[in-house]
Amino acid sequence: MKSLKNAARLLLFALVVSACLIIPAVAASPALEEFDNPDNDYIKIYLITERDGQGVVMEKPERRVFWEYPLLSAGQTRTGTLYIKNETQNSLDFSKSSINLPYDDQQALLYIVNLKISVLSSSGEPLYQGSYGSITESFGNSFKLPPLDPGETGEFTITLSCPFYYTGTPENQTAAVEWKITPSNEDKNGLLSRKTVLVFSICALVVITAVIAAGLIRSRRAGRN
Amino acid sequence: MSRKINKINASRVFRAAAAATAALLICGFWVSAAPPGYENRRLWLANQPDGQSSYVKYYIDGKEQPASKINWVAGRDSGKAVSLSGKGEYLELGYYQLQVHTMTIAGWFYWRGAAEGMEPETMHSQRFFTFSRNKDVWLSVMPHSKNHNAKHKDGGVLDGVYMAFSMGSGKEKVFYEFFNPATPGKTHYGIPTGEWHHIALTMNARSLCLYIDGQLWFERMLILGVEEMRNNRLRIGAGIWDEPTLNAVIDDLAIYSFAMSAEQVKMLYHGIDPQEKGATLPPPTQPSLPEPPSQDPSDIVGAEDDGTILGLPSWAVYLAAALLAVFVVLSVILSVRKPDTGETGDGKGGASQ
């Protein structure tokens, strides 16, 4: 009898602890005015918010920055920063994000294949280094945007360079490269989403009610006897 | 009579031919003659430990060191390359090996930027090589110089590869600078670090040309033979000023006693020795273009199994359901089962004796 009671207590404890397991993340965010500067084509931020239960991705600036529409001449190197800010209450995963090259434009592909790109994390760790034309093969595999906790801002340094041996005219060859940042609720890497916590809270509530009900039934029976 | 005339003519022809041959030989010798140390018009500055020219001296902080102290590391291919740490190390070639009319210096550099323990900005003071007679006569190439006060005629500033030529002093001074106009804080034209790049400089008594990765980068008319500069030294990895030295690996670097054409430089870039008989450029190759990624079955709508049930993580739902089920069963058992009263069975007290 005692062991049954202990088991019940243990289960209750496990459910309550699970429900309370939310670790808020704190991160610095860059000043938004910088992104709206008309001359800015080298920093971009994706703000991920939640409206009516739906995730909304807002990008600043809305126009393309240099890595989304490369126009580098031979020997030229450009460096910029990509920010992704999680303003939702959930941990976000970016494994569904994609980079789409202009596959139907051979001239543009020839130019983009020549370009070299490096993506570094805020700690300077290289996430991808190589041909811009091969980035899609690595993106989602060896090169992944790391998940972000609520309130956290991801910072990535992007460097693009055109080789010295390039002899074409970028203006006549280039095309847009689409960076599609797609957040989804993080659920596979051990962090708990808000919905998960909600499920556990409801379970805990049901269990507590059941405990009280069982106690009442037992005390009534004991009273009768 | 006619025989005599014939004899005289033959002798004249013979003499003329001999003179012409001698003149041709002398001329040819003058054209092809190279100072000591050159073999097949080439003197290796950095090639292999056993192929290093004895005329190339190794210095640390201005003091000559034995060649055996040169740090050889893995090169671009299976061979070895010279590693300069950026801490006072450089190679030097002396006066006699620089007395050529036209010349080419070409080789591969794996630039590493600022040396370990040095300020990052020191990378902008490093030099690939410098020819110099004195502080007024010199020619130098830098991988990435930075000076936003140096304005380009086209409007940009200096932030990238830099070449400068200086000759004379005072009013007779000739000074040429070469750099690409960069936009401050946005773009630069520096040699990328951590990559192999081919650098070649030619002087053919008509023009001065710098090639990067086989591509003509800077060119200027310069009616001047190298020997007119009367250079005293060629320093690899340093200048004649008190500056940080080069932090790079150098492979297959040589000075040639002739000025290569653009095509020959391109051959070098493609790993072909332009001095070999029948050497030609390889046919241009088209890089393979990326294909659109094939659609992943999990991306097809309807076939999706994203690990969720009703939008919730499936593992969380299963765990919650299991815990609930266990708890409900336990609650039912606790509620239905009567507490022990000692009236039945052999409970505590053991009743009937």
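1. B:D61 sits in the loop between strands β2 (56-60) and β3 (63-65) of chain B. Strands here are DSSP runs of E, at least two residues long, and helices are runs of H or I of at least four, both numbered from the N terminus. The phi of B:D61 is positive, about 50 degrees, although the residue is not a glycine. B:D61 is exposed, with 10 other C-beta atoms within 10 Å. The cut-offs: buried is 20 or more other C-beta atoms within 10 Å of the residue's own, exposed is 12 or fewer, and partly exposed is in between, with C-beta atoms placed from the backbone.

2. A word on the basis. This is a predicted model, in which local features need pLDDT of at least 70, side-chain atom pairs count only at pLDDT 80 or more, and totals for chains, interfaces and linings use all residues. Residues are numbered from 1 along each chain as its sequence is written, while chains are lettered from A and ligands numbered from 1 in the order in which they are written.

3. B:R230 also deserves a look. Its phi is near 45 degrees, a positive value in a residue other than glycine. B:R230 lies in the loop between α2 (226-229) and β17 (233-236) of chain B. B:R230 is exposed, with 12 other C-beta atoms within 10 Å.

4. Chain A has a cis peptide bond. The bond runs from A:K60 to A:P61, with omega near -5 degrees. A:P61 is in the loop between β2 (54-60) and β3 (77-86) of chain A.

5. Where does B:Q52 lie? B:Q52 is in the loop between β1 (42-46) and β2 of chain B. It counts as partly exposed, with 19 C-beta neighbours inside 10 Å. Not counting residues up to four places away in sequence, B:Q52 touches B:W44, B:N47 and B:A67; contact means C-beta atoms, placed from the backbone, within 7 Å. The C-alpha atoms of B:Q52 and B:G37 are separated by 10 Å, and the two are 15 residues apart along the chain.

6. The largest nonpolar core has 98 residues. Such a core is a set of buried Ala, Val, Leu, Ile, Met, Phe, Trp, Tyr and Cys residues joined through C-beta atoms within 7 Å. Strand β7 (residues 103-111) of chain B gives the most to this core, 7 residues. B:L45 and B:I250 have the most contacts inside the core. Leaving aside neighbours within four places in sequence, the contacts of B:L45 include B:V56, B:L91, B:G107 and B:I255. Another core, of 10 residues, lies apart from the largest one; A:V199, A:A204, B:A316 and B:F327 are among its members.

7. Helix α3 (residues 262-269) of chain B is mostly covered, with 6 of its 8 residues buried. Those are B:Q264, B:V265, B:K266, B:M267, B:L268 and B:Y269. Their cover includes β7, β14 (196-203) and β15 (207-212) of chain B. After α3(B) comes B:G271, with a positive phi near 80 degrees.

8. Chain A has 6 helices and 10 strands. Of its 225 residues, 32% count as buried. Among contacts in chain A between residues at least 6 apart in sequence, 77% join residues at least 24 apart.

9. A caution on confidence. Chain A averages a pLDDT of 83, and 80% of the residues score at least 70; pLDDT is the predictor's confidence in each residue, from 0 to 100. Over residues 19-27 of chain A the pLDDT is below 50. Beyond near neighbours in sequence, this stretch has 17 contacts in the model. Where pLDDT is low, the predicted coordinates should not be read in detail.

Methods:
Contact = placed C-beta atoms within 7 Å.
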